[in-house]
Amino acid sequence: MRRVATLFSALTLATLSWTAGTAAHAALASSPSAEGAGTSVSTGEQRAAVRFWTTDRLRAAQDVTALPAARTAKLATAPPTTGERVSVPPLPGPVAATSAPSTRATSPTAWTGGGLISTTAGKVFFQNASGGTFACSATVANSDNRSVVLTAGHCVVDAATGTGYRNWVFIPGYSNGNRPYGTFSARSLFWEPQYVSTRSNANWDYAFAVMSTLNGRTLAETVGAQGIAFNSQTGRHVHSFGYGGSAAEGNGERLNHCEGNEFPDAGRPGSTMWGIDCVQTGGSSGGGFLADFSGGGGYLIGNISVSAGANEYHPTLGNEALDLYRRAGAA
């Protein structure tokens, strides 16, 4: 069975580490932006990241849990600013059969509906500064450079130090160790500066990764892309997707699905997150929340960030997230 690691005991405090062979692989080159919200990765390091993730290392990577609920209430910050609603439509991908799920997914359920989500959702793998290897989830978002994925801030950066994670790769359509569309390595990581400055306030727990091309094709050209929306309407029926690591969810080896009507997070002071009555476990962090979802496609409105009891929550994508997305799409 896969091991599940809590974020702050395993990543930030680095009490668990993977050390064999670490010295043989280059570290991620940190090149913070003027806002202190990103890192870039050299071409050589991108290639090394793909080589690093052998089948054995994929299996050994520990599933990162959603942020602990208590952590979100430590620092109260100004809420994300809002403005005009902006949405980017989905981009069709490979032809995939689509069928409706057999039951309403009020608890994590294996996704059997096919469609665009089956190619655009995938697993993230990365290494922290001490060499520990970890797994999260992410989703391809349509963007100007056709190379962006949305994930959680706690899947790209150590909020305690502001250090981006290394050997960062995304495997779209991951299933039982298979890589049907290959392994894409990150060439840039972008996180919200306030996620680091507040030491992991979950209101800002979103991030974008810009992936390198593979076989001369961008990520979205290869698998398609979901739409994405900013300052969008809340309180709608939404769907979430991730690679939870529990036995009931396939031990992180399959894509799972939840759905429900959104409600505001009233359990933590200062929270601007929204959630549903369904919760996916460790490894689902960063997985997409989608609205207007039909036939496997929809609009990303957030990512899995916090779990509390039987609920999971996503940060809202306001003007700050829109600015970060535009920077990623121009990289």
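Let's start with strand S5 (residues 109-110), which runs antiparallel to S16 and is joined to it by 2 bridges. Strands here are DSSP runs marked E of at least two residues, numbered from the N terminus, and two strands pair if DSSP finds at least two bridges between them. Ala-110 has Asn-256 in S16 as its bridge partner.

A quick word on the model, everyone: it is predicted, so local features need pLDDT of at least 70 and side-chain atom pairs count only at pLDDT 80 or more, while totals for chains, interfaces and linings use all residues. Residues are numbered from 1 along each chain as its sequence is written, and side-chain values use heavy atoms, with hydrogens and water left out.

Back to S16. S15 also runs antiparallel to S16, with 6 bridges joining the two, and Phe-241 stands opposite His-257 in S16. How many of the residues in strand S16 (residues 256-261) are buried? The count is 5 of 6, where buried means under 20% relative accessible area, exposed over 50%, and partly exposed in between, with a 1.4 Å probe and protein chains only.

Now for the salt bridges, meaning a side-chain nitrogen of Lys or Arg within 4 Å of a carboxyl oxygen of Asp or Glu. One of them links Arg-236 and Asp-292, at 3.3 Å from N to O. Arg-236 sits in the loop between strand S14 (227-230) and strand S15 (237-242), and Asp-292 in strand S19 (residues 288-294), so this pair ties together parts 56 residues apart in sequence. Arg-236 is buried at 16% relative accessible area, whereas Asp-292 is exposed at 52%.

Arg-268 also forms a salt bridge, with Asp-265, at 2.8 Å between the closest N and O atoms; both residues are buried.

Conventions:
Helices (H or I, at least four residues) and strands (E, at least two) are DSSP runs, numbered from the N terminus.
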